[in-house]
Amino acid sequence: MVRDDREHWDAKHRALGTPIPQPPDALRGQTDLLPGRGRALDVACGRGTVAVWLAGRGLDVVAVDVSPAGLAAGAALATTEQPPGRIRWVEADLDGGFPTEDDAYDVVVCQRFRVPELYPALAAAVAPGGLLVVTVLSEVGDTGGRFRAAPGELAQAFGELEIVMHHEAAGEAHLLARRPS
Ligand SMILES: C[S@@+](CC[C@H](N)C(=O)[O-])C[C@H]1O[C@@H](n2cnc3c(N)ncnc32)[C@H](O)[C@@H]1O
């Protein structure tokens, strides 16, 4: 990532108001699929809305993003919310791969950060019995574009896992997938 991109994301994160903890979009209505404890990885966590929500469910979370402003907003939110799970905020450029690549997690979330080159690392980060939660922009129901997934992209990329849910509509693709125990 070039420095301009980091500054772009920092400016975007600073311009937004106070974040609110929220479940990942792909998990809405299906939060019972989450384990009650364990370890979670939030890839490109932004301002930590999902990371703090996961910690609120009792998971210990590693939250990774390139933007110091996003991470700072997340850390401030965690202080306010005082979730029971711990959160480790990691500043890293994911263009260089995962900073935690030897680890496996019970929950791996990657929301609105589409880097197909990272799909194998995302799958590999899911522990046996663990859940992968992905949302990306999609060409389905939209006009297409550089950052959008082609139809079927997520189901194909994560075919080694058990697909629990795959939904593409209105310019977004959502996937829930589990690694067999
Ligand atoms: C659209 S936001 C999504 C944030 C969060 N996942 C969410 O759903 O609210 C994309 C995030 O990716 C981060 N990002 C962009 N390029 C990155 C990179 N090369 N390495 C790590 N994070 C990056 C940005 O800082 C930003 O927080």
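Predicted model: local features only at pLDDT ≥ 70, side-chain atom pairs only at ≥ 80, totals over all residues.
Next, select Asp 142 and Arg 148. Here the closest N and O atoms of the salt bridge are 3.5 Å apart. Asp 142 is partly exposed, with a relative accessible area of 36%, whereas Arg 148 counts as buried at 18%.

Then go to Arg 179 and Glu 160, whose side chains meet in a salt bridge of 3.2 Å, N to O. Arg 179 belongs to the segment after β7 and Glu 160 to the loop between α5 (153-157) and β6, so this pair ties together parts 19 residues apart in sequence. Arg 179 is buried at 18% relative accessible area; Glu 160 is exposed at 53%.

Now select Asp 25, Arg 28, Arg 112 and Glu 172 together. Salt bridges link these residues in a network. The structure holds 8 salt bridges.

Keep Arg 112 selected and turn to its backbone. Arg 112 has a positive phi of about 60 degrees, although it is not a glycine. Its place is the loop between β4 (105-111) and α4 (119-124), where Arg 112 is partly exposed with a relative accessible area of 40%.

Ala 170 is another residue to check for phi. Its value is near 50 degrees, again positive in a residue other than glycine. Ala 170 lies in the loop between β6 (162-169) and β7 (172-178) and counts as exposed at 68% relative accessibility.

For the surface, select Asp 4, Asp 5, Asp 95 and Glu 117, which form a negative patch. Asp 4 is located in helix α1 (residues 3-15) and is exposed, with a relative accessible area of 56%.

Finally, zoom out and colour by secondary structure. The protein has 5 helices and 7 strands, in the order α-β-α-β-α-β-β-α-β-α-β-β along the sequence. Its radius of gyration is 15 Å, close to the 16 Å given by the globule rule for 181 residues, so the protein is as compact as a globular protein of that length. The C-alpha trace spans about 35 × 35 × 30 Å along its principal axes. Colouring by accessibility instead shows the buried residues, which make up 46% of the 181.

Technical notes. Residues numbered from 1 in each chain as written. Heavy atoms only, no water. Patch = residues over 30% accessible without salt bridge, like charges linked within 9 Å, V, L, I, M, F, W, Y side chains within 5 Å. Areas by Shrake-Rupley, 256 points an atom, 1.4 Å probe, with all protein chains shown as cover. Salt bridge = Lys/Arg side-chain N within 4 Å of Asp/Glu carboxyl O. Lys, Arg positive; Asp, Glu negative; His and termini not counted. Charge placed at Lys NZ, Arg CZ, Asp CG, Glu CD. Helix = DSSP H or I, 4+ residues; strand = E, 2+ residues; numbered from the N terminus. Buried < 20%, exposed > 50% of the residue type's maximum accessible area, 1.4 Å probe, protein only. Rg over C-alpha atoms; globule rule 2.2 N^0.38 Å.
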